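This report describes how a two-chain model is packed, with the criteria behind each term given where the term is used. Please consult the sequence and the coordinates alongside the text.

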Amino acid sequence: MLAMLAKEPAYGYDLRARMRDALGPLGEAMNAGQIYVTLARLAKAGLVTSERDEGLPDRPDRRVYALTPSGQQRVAGWLTEVSWPKPDLAEFHLKLVAAAAGRLADPVALVDAQRREVLRRLRDAQRAALDRAVDPVAGLLLEGVVLRLRADLEWLEACELAWAAREREASS
Amino acid sequence: MTALRARGLTKRYGSDNTLVRAVDEIDLDVPTGQTLAIMGPSGCGKSTLLHLLGGLQRPTRGEVWLADRRIDTMSERALARLRRDDVGFVFQSFHLMDELTAVENVELAALLAGRSPSRARKRALYLLDRVGLADRATHLPSALSGGQRQRVAIARALSNEPLVVFADEPTGNLDSAATLEVLRLFDDLRLHGQTLVVVTHDARIAAVADRVIAMRDGAFADDNRLVGTVYDGRR
């Protein structure tokens with residue numbers, strides 16, 4: 001959100017439109033409330049200011065938001081830092097190990113359940129990407145989401161093969 | 001109506017120590033108009049299953065019905081006719097005739113089925129237009145991209161208005177953009193009520209499927225839990 005204000009100050013509704021354009025179909029899920037709550041939090045942290053525009057009603061969407069100097073610094077730092085979302089692979093892996101060790105659940109069934117969820121997300125992202133109306137730049141984001149989910153599925157397949165083999169060994 | 005039905009479908013290779021249950025006691029009902037994706041790792045038996053359902057191979061045991069005809073006990077001749085007239089196949093490696101143009105590849109199936117040359121040509125041009133390749137009709141396969149070749153192969157599969165189209169890893173040789181073209185085309189077929197059975201490693205097919213079955217060691221591992229939850233509803 002800060003980065004969307006880096007170019008120039010914006011009205012609240014304008015900021016929402018910028019976010020939607022940047023995120024494409026993934027931005028549709030974002031509601032106005034989330035945006036204004038976040039803006040209020042950023043203001044409290046001293047990263048943005050907001051001013052009421054003369055002649056307009058005092059509503060969050062009609063206020064003009066701008067970065068403070070420390071907000072600008074934060075954006076510059078964010079752009080240069082190398083970040084990668086922390087994958088929850090370790091957690092799921094621990095789940096499988098714990099389930100098998102304590103006979104709490106069938107690891108292969110856990111993999112099946114996880115795969116259904118990943119497939120559901122993949123289907124949604126791929127369907128959005130199939131839409132010819134999607135802007136090519138927003139489409140890149142969808143392609144990234146699809147590629148990662150496919151990687152998750154490949155990994156789940158490896159888990160399934162390994163855990164199914166272990167179960168066969170244990171039962172023979 | 002049920003387009004495709006299998007009961008106790010089993011295919012075994014080898015014997016005793018080397019016995020492989022490629023397909024193991026599978027029951028399946030595919031309603032007319034459904035797009036079914038069967039997914040699973042290499043060697044899980046999904047291609048063998050497709051061959052059994054499409055009459056390319058005979059089962060060791062079990063029954064296969066296409067519409068209201070039992071096909072596993074058909075004579076070779078009747079089976080060849082069924083493959084020619086009533087089902088369409090799409091393969092990973094396209095299987096187009098290199099020396100024939102796109103439109104000639106598409107019309108060949110109709111000519112073999114006994115349609116007049118002019119009707120066959122008309123139908124082939126219509127299908128090429130439908131897959132977005134009207135302007136490539138006179139190109140040889142070598143002059144087409146991978147995605148375009150696969151679309152020609154899909155047009156060919158539709159040539160005789162098949163009851164069911166079977167596709168074996170249709171996006172396996174395609175890059176991301178070409179895969180998108182094929183997925184759009186499958187989505188279009190689905191919307192037009194074409195019954196389609198796809199076996200694939202490519203989970204993106206799930207985007208255009210009504211139902212996804214996960215296969216493991218020759219059997220369905222994860223079907224019931226998908227049916228009726230997220231995958232089985234027509235949009």
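The sections below cover the basis of the model, its nonpolar cores, its helix pairs, the contact between the chains and some individual residues.

**Basis.** The model is predicted; local features require pLDDT of at least 70 and side-chain atom pairs count only at pLDDT 80 or more, while totals for chains, interfaces and linings use all residues. Residues are numbered from 1 along each chain as its sequence is written, and chains are lettered from A and ligands numbered from 1 in the order in which they are written.

**Nonpolar cores.** A nonpolar core is here a set of buried Ala, Val, Leu, Ile, Met, Phe, Trp, Tyr and Cys residues joined through C-beta atoms within 7 Å. A residue is buried if 20 or more other C-beta atoms lie within 10 Å of its own, exposed if 12 or fewer, and partly exposed in between, with C-beta atoms placed from the backbone. The largest core comprises 78 residues, and B:A37, B:L53, B:L128, B:V197 and B:A206 have the most contacts inside it. Leaving aside residues up to four places away in sequence, B:A37 touches B:V198, B:T200, B:I205, B:A206, B:A209 and B:V212; contact requires C-beta atoms, placed from the backbone, within 7 Å. A second, separate core has 9 residues, among them A:I35, A:L39, A:L42 and A:L67.

**Helix pairs.** Two packed helices are described by the angle between their axes and the distance between the axes. Axes are lines fitted to C-alpha atoms, for helices over the stretch in contact, and angles run from 0 to 180 degrees between N-to-C directions. Helices (H or I, at least four residues) and strands (E, at least two) are DSSP runs, numbered from the N terminus.

| Helix pair | Angle | Axis separation |
|---|---|---|
| α3 (102-112) and α5 (146-157) of chain B | about 25 degrees | 8 Å |
| α4 (89-101) and α5 (107-130) of chain A | about 150 degrees | 9 Å |

The angle in chain B makes α3(B) roughly parallel to α5(B), whereas α4(A) and α5(A) are roughly antiparallel to each other. Angles under 35 degrees count as roughly parallel, over 145 as roughly antiparallel, 65 to 115 as roughly perpendicular and the rest as oblique. In chain B, the contact involves B:A102, B:N105, B:V106 and B:A109 of α3(B) together with B:V152, B:A155 and B:R156 of α5(B). In chain A, A:F92, A:K95, A:L96, A:A99 and A:A100 of α4(A) meet A:P107, A:L110 and A:Q114 of α5(A).

**Contact between the chains.** Chain B and chain A each contribute 17 residues to their contact. On the side of chain B, the elements giving two or more residues are α6 (176-191), β9 (211-216) and β10 (219-222). The largest share, 5 residues, comes from α6(B).

**Individual residues.** B:A67 lies in the loop between β4 (61-66) and β5 (69-70) of chain B. Phi of B:A67 is near 50 degrees, a positive value in a residue other than glycine, and B:A67 is partly exposed, with 15 other C-beta atoms within 10 Å. B:D217, in the loop between β9 and β10 of chain B, also has phi near 50 degrees, a positive value in a residue other than glycine. B:D217 is partly exposed, with 16 other C-beta atoms within 10 Å. A:V97 is located in helix α4 of chain A and counts as exposed, with 12 C-beta neighbours inside 10 Å. The C-alpha atoms of A:V97 and A:P107, 10 residues apart along the chain, are separated by 7.8 Å.

Terms used. Two residues are in contact if their C-beta atoms, placed from the backbone, lie within 7 Å.
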